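Please find below some numbered points on the structure, written for a colleague who has not seen it before. They begin with a single residue and then turn to the interface.

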Amino acid sequence: MTKVDKSTLEMSDEEFLLIRDLIFEHCGIFMPENVKFLLERRLRPRLDVLSANTFREYYRTVKYARDRSHELDEIVELVTTNETYFFREQHQLAAFTKEIIPSLLAGRSPRDPIRIWSAGCSSGEEPYTLAMLLTELPLPGGMSFEIFGSDISRKVLRLARAGSYRDSSFRDTDPSYVQRFFTRDGRNFQLVDEIRNKVTFGLLNLMDDAALALVANVDVVFCRNVMIYFSKASRARLLTSFYRKMRAGGYLLLGHAESLVNVSTDFEIVALKNDIVYRKPASARGRPYPA
Amino acid sequence: MSVQGDNHAGSAADLAGEETRHACVLALTVATPNALVTLLSSLGDTSWRVRKAALNAVERLRAEPTLVHALIDGLGSHDNAGLRNACAEALAQLGEIAVPELSAVLRTIDLDQRKFIVEVLGLIGTRSARQSLLGALDETDSNVRAAVVDALGQIGGPEVVHELTARLASQPEDLQLAVYVLDALARVQARLPVAQLLGWLNQRQLARFVYPLLGLSQDKAAFAALVSGATASSRGTRRMALPALKRLIGELGPVYEAELSQLLRAQAATREALLECCQEDDDHVAEAAVLLLGILGDVRDAAAVLQVCASRGLLQAGMRAIAHMGSGTVALLLAALEAVDTQTQLLFLDAIEAVGDAGAVPELLKLATSGNPYTAGAAMRALGRLAGPESIALLMNVARRAEPELVRQAVFALDGIGVRHAEAVAHAVRRAIEAGDVEPAWLAVLGSVGRPEDVDVVIGACRHLDYAVRVAAVEAAQAFGSRVPESCVIASLADGEARVRAAAARALSAYRGDVVLAALLEAVHDSDPWVVAEAARALGAVGGRRATQALQLAANSSVAPIVIAALQSLSRLEPQGLVATLRKSLRHADPEVVREALGVAARLDAGFASEALTEGLQHRSWDVRLAAASLLVANGLRVPLGMVEGSLAREAEPLVREKLERLRDMLGAST
């Protein structure tokens, strides 16, 4: 039997839209049209894996597969590489250490750790930055913190767990942090175990309610530059999830280009000295979850 | 009746709250007393919800004889812009039925309203609307005349191009008209003689409108002017000329690229100007600059160009630019790889894969075993295209030990090498299998390389204890076709693992004969729907009366993949009763089934095909509507033009609209 050569197979606009809708339904990520070329290039080898001769056949195979989420995760892996860097958005981090953490510590029992969730943590720079900052902070005796980083990509989580970074991850990092928390490993910088062990990572699709059930009582959610890839409806759904997972009085920190305008009114805006952030109202305790 | 300047005059809902007004509009029908008065007041309501509901109500009031008149009246509101806009939208929504009355008042109504009527006719865009607007080209008021030209630019068509071009030639002194006409001509993608365009290019006020038309000219005589514009010192000129030049290159094809390259080199500071344009906010400008840098061919720009492309998502443009620059870029890209982020590294590696040679292999092998799964995967893709036998051992190691997604990349790379060095790859894999190292990946490679002497290995692996190996073996057997004994594949139909059975059913499509037929007829009753679907597909290849009967039963399934496979097979066999089967499938709940059925129907007799496809144009799923419109165009089938225009007026999905427009033009041209 002759094998069909797919090296130049083109994806039609229609096929792109259909696959895009499947991905959107799966994880809320909206792929702009300029991703089509990349999707076409990267998915061609997948056609052989799934015994499909055209992108249409591939679409149907994914659509009707029993465990289609597996293949959709693969697609997301193939077309997303959202790198980040340490100490991104310094003013927000200043608000976190100088204002948010002190307010959370007030009257808190040492047996009740501060829980921080880095939602869409990519290769781990964000949660590790928070761990470094909290390590330096003089916390009251016995007080501890838990940092959880989540992402939909297995590949980035593997990078995050390895804790090995290249120069480009340090574009906004004070050299003193590199000196204190990293060791040189050839071309890379290896994060010391003291910080690595303070962060746990998990694979999580933010649109998967069942998987989100594992997260609860969060004091601070960092979700920076993640919602920009989501549609308005997905953003609203995600914010509802955050609201449910957060403690009353907990803080939500978004990227500088993101806001809740026209998406959610459940959070209140708090103008701190270093930044403007969102907070789940303290009065929300016991309040029914928004629809 | 007049509603001008009075939001709610005469409406029973005047004094009520928004909710009441909203409810009042929702209940509007032709039978409602003072229906039009309520409609008009609601179209001008302060609440967008009420206005939106009122626009929906317009559809329900279509039968009201004075509806169009009332809406035209609403266009005259001087102090309620919301009402004016809603009336314009409602008239456009009514479409063709509003055209006679709009055309009748076009020359008599006051100037302000006249402009709105022109805009509405442009939005309606039917043949009669176009005729009416063409008749208004002699309008004495210059603003209304400009609006007429603008509206014609929205509709397009050969007649519009002809009339507008003639107007431009006959009134060259009217610069305002010229600006609107040139803009409209560009929007309708008109092709004008370059000599004529160059004449207008000398007039400073018109130059920016001329560049897009030069880009549409399909004439290499436009190159010089466009290159000059693309490298001009004025940013504004470059922004207009660059996308036009890109368009022209796209339309003329690569034949003229050498000539263009010479022209680019002849200009001073071309490279600097283009590199600067890569930073422009407008992606079209940046993309054109990237393309021209590629044609200019200076390999020193390769890394910079790809960095721009990675950060802006202009991946295709970046790849094309590197393809132009050639293999001289590879060493430079490899040298710059370490300094860029992962996203850009991936694009670098994609480019190296496209233009590289064996010289890049040592560096790619290092990347393939680096800790970064992204770059490792991309490096292996490139190795598949560039590497030779020296990389086989390393890739086999990756395939044994790496994470699943990298294992697959390693297998693809081995496949790729196998295309050029089949003997070496198959030998290495076979040696591993004979040494007891049996991986599913090895079977996939053997299947892909396809050497006859490896058939026995594949047959043996079909009975392996590991089901993943068995799946890979049966899939490899499929690649070998009937060289693997049918008994081996048929035996796999009884496997406990559904994926093995599905692979076996698929592989049986390469075989013929009663034994195979009997096995497949049994497989269509499998408990797993994928096995059934694969068996149905294979039955189409085997054929015969019993296969047809089984397929007609399978086509009645509620499970979409089974019906789709059955329809595909039946379309090969074209048995009696196919039309009846298709009629059922066309009503299936799953749009994918309906789409498949339309594809089969289009190949049958023209009467049934037209009927099915016409119905398909009304389907709730855009994808089905797109298929119906595409098939009508592709098969040159005739359907009523008015129906197509109606579909076009309702259609929101751009892809479907595009096809419907082609269908409309096709039907219009033949009447």
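1. In this predicted model, A:N205 touches A:H26, A:C27, A:I152 and A:L212, when its neighbours within four places in sequence are left aside. A:N205 itself belongs to the loop that runs between β6 (199–203) and α10 (209–212) of chain A.

2. Is A:N205 buried or exposed? Its relative accessible area is 11%, and since the limit for a buried residue is under 20%, A:N205 counts as buried. A polar atom of the A:N205 side chain lies 2.9 Å from the backbone nitrogen of A:M207.

3. The second topic is the interface. Chain A contributes 38 residues to the contact and chain B contributes 50 residues. Between them the two chains bury about 3900 Å², with 50% of this area on carbon and sulfur atoms.

4. How many salt bridges are counted between chain A and chain B? The count is 13. A salt bridge joins A:R60 to B:E592, with 2.5 Å between the closest N and O atoms.

5. On the side of chain A that touches chain B, at least two residues each come from α1 (13–27), α2 (36–49), α3 (55–64), α4 (68–79) and α7 (154–162) of chain A. Of the elements of chain A, α2(A) gives the most to this side, with eight residues. By class, the side of chain A that touches chain B holds 19 charged, twelve nonpolar and seven polar residues.

Notes:
Residues are numbered from 1 along each chain as its sequence is written. Chains are lettered from A and ligands numbered from 1 in the order in which they are written. This is a predicted model: local features need pLDDT of at least 70, side-chain atom pairs count only at pLDDT 80 or more; totals for chains, interfaces and linings use all residues. Side-chain values use heavy atoms; hydrogens and water are left out. Contact means heavy atoms within 4.5 Å. Buried area is the accessible area (1.4 Å probe) that two parts lose on being put together, summed over both. A salt bridge is a side-chain nitrogen of Lys or Arg within 4 Å of a carboxyl oxygen of Asp or Glu. Helices (H or I, at least four residues) and strands (E, at least two) are DSSP runs, numbered from the N terminus. Ala, Val, Leu, Ile, Met, Phe, Trp, Tyr, Cys and Pro count as nonpolar, Asp, Glu, Lys and Arg as charged, and the others, Gly among them, as polar. Buried means under 20% relative accessible area, exposed over 50%, partly exposed in between (1.4 Å probe, protein chains only). A polar contact is a pair of N or O atoms within 3.5 Å; within protein, one must be able to donate a hydrogen and the other to accept it, and residues adjacent in sequence count only if both atoms are side-chain atoms.
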